[in-house]
Amino acid sequence: MQQDYSNLTEYAANNIAQLKCELEKHFLELYGSSTEPIQFYSAPARINIIGEHIDYNGGKVFPAAIDKYIFLAIRKRPDTIINYDDIRFPGKFTFNITDNFSYKKENDYCNYLNGIITILKDKGFALTTGFDALFFSCIPDGGGVSSSSALECCFIAAMNGLYNCNLTPVENALIGQETEHRFMNVQCGIMDQFIIATGKKEAAVLLDCATLDYEYVPLHLGDYRFLVMNTNKKRQLSDSKYNERVAECKEGLSLLNKALESKGMETVPNPCAMTDEHLDILKEAGASDVIFRRMRHCLTENRRVYKAAEALKAGNLEELGKLMNQSHESLQTDYETTGIELDTLHIEANKIKGCLGARVTGAGFGGCGIALLHKDCIKDFIQTVGKAYKEKIGYEATFFECSTGNGAGPLKEDN
Ligand code: GLA
């Protein structure tokens with residue numbers, strides 16, 4: 001039977017001290033008492049304001065951590081047993097920390113966690129004793145705000161604390177990404193784990209994915225808000241066309257560089273380092289229409305990210321909204337990762353007075369979009385866009401307002 005966790009959701013939003021008490025109560029009911037202390041960790045979800053599908057193409061991205069979190073209560077055990085459980089999806093998974101882990105469908109979300117343990121052991125950390133772990137998440141799953149990266153980064157932060165690994169937030173992010181590559185069959189970029197590990201309240205992060213240089217940009221939206229629009233079309237990146245897009249861009253880059261070499265010109269390190277001239281050369285070299293459009297998206301999206309960060313710094317939200325719309329349109333026509341659900345939200349959102357722009361956020365293929373919206377229009381927006389979406393798609397979209405959040409780490413009272 002599903003437990004009632006509505007009080008936990010409420011405490012997660014308003015009262016972290018009370019949330020800790022409740023989590024501890026559930027934890028003790030499940031695992032009993034011990035002399036070891038229970039430790040608490042959290043990690044946020046994220047939105048990406050702009051810069052989509054270019055993190056694995058050497059581009060710049062502009063995400064922010066948001067105030068929807070996953071929480072973890074964890075305690076060391078004297079033996080080598082590992083137990084995982086989840087308040088929303090109850091059921092204990094038991095392993096041994098000395099096991100050699102590989103992906104197994106029946107292990108569900110534990111595949112991420114066992115993958116992380118394997119990577120930490122490979123890196124030489126002494127993970128020799130087991131633990132009991134209990135998760136509680138307030139992040140919509142399967143939905144484009146990166147619930148899986150939040151799970152990873154939260155768990156890595158806990159391993160860091162439990163086994164004194166001394167990992168920096170950037171190392172946390174890189175281990176999360178490696179887990180996706182090695183255990184989950186998703187050749188993702190670094191954006192999600194990076195923002196979830198390094199995010200700060202009141203700021204977005206402008207991240208150069210080619211160098212991992214990053215800058216916090218204050219997110220001052222005045223009377224405007226980001227509203228998350230969930231298509232409720234579930235998808236898993238491993239069975240979406242995500243890896244196909246990664247492969248297409250690799251193909252485009254290799255074709256371009258061969259053409260550049262044959263002309264005695266300098267090659268480019270990644271698709272986002274291209275110029276307009278490079279794009280012309282790619283076409284001349286016989287790139288298919290699909291490959292050409294994928295590469296064009298990288299070029300134009302990267303430019304938009306730069307402009308969007310400038311617009312935000314200058315307080316020009318109208319310009320930011322326009323760039324968000326252009327980004328969506330490029331993902332719709334050139335990169336083809338939106339689909340009817342997200343396109344409907346994009347179109348209907350832009351009909352509403354007070355909406356400056358709306359786009360897919362994250363991988364797409366379903367998942368979530370975001371709208372930049374005047375706070376007084378939110379109620380009307382949800383009603384009108386929600387109705388139009390249901391009429392067109394046949395089921396409901398859901399909406400939530402968000403503000404910024406803090407990156408993964410030990411749970412703080414002012415999370
Ligand atoms: C997913 C991936 C990210 C990024 C986005 C698209 O969220 O995990 O690395 O590629 O899609 O921008």
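This is a predicted model: local features need pLDDT of at least 70, side-chain atom pairs count only at pLDDT 80 or more; totals for chains, interfaces and linings use all residues.
How far is an oxygen atom of the ligand from an N or O atom in the side chain of D55? The distance is 2.5 Å.

View 1. The protein covers 96% of the ligand's accessible area, which is 310 Å² for the ligand on its own.

**View 2. The shell of 13 residues around the ligand**. E52, H53, D55, D192 and Y242 come nearest. By class, the shell holds 6 nonpolar residues, 3 polar ones and 4 charged ones.

**View 3. Helix α5 crossing helix α6**. Two packed helices are described by the angle between their axes and the distance between the axes. Helix α5 spans residues 169–183, and helix α6 spans residues 191–198. Their axes come within 8 Å and cross at roughly 150°. The crossing is right-handed.

**View 4. Residues in the contact of α5 with α6**. From α5, the contact draws on P169, V170, N172, A173, G176, Q177 and E180. From α6, Q193, F194, A197 and T198 take part. Which classes make up this contact, and how many residues fall in each? There are 5 nonpolar, 5 polar and 1 charged residues.

Definitions and conventions: Residues are numbered from 1 along each chain as its sequence is written. Side-chain values use heavy atoms; hydrogens and water are left out. Axes are lines fitted to C-alpha atoms, for helices over the stretch in contact, and angles run from 0 to 180 degrees between N-to-C directions. Helices (H or I, at least four residues) and strands (E, at least two) are DSSP runs, numbered from the N terminus. A crossing is left-handed if the near helix is turned anticlockwise from the far one by less than a right angle, and right-handed if clockwise. Contact means heavy atoms within 4.5 Å. Ala, Val, Leu, Ile, Met, Phe, Trp, Tyr, Cys and Pro count as nonpolar, Asp, Glu, Lys and Arg as charged, and the others, Gly among them, as polar. A residue is near a molecule or strand if one of its heavy atoms lies within 4 Å of it. A polar contact is a pair of N or O atoms within 3.5 Å; within protein, one must be able to donate a hydrogen and the other to accept it, and residues adjacent in sequence count only if both atoms are side-chain atoms. Accessible areas come from the Shrake-Rupley method with a 1.4 Å probe; for residues, only the protein chains shown count as cover.
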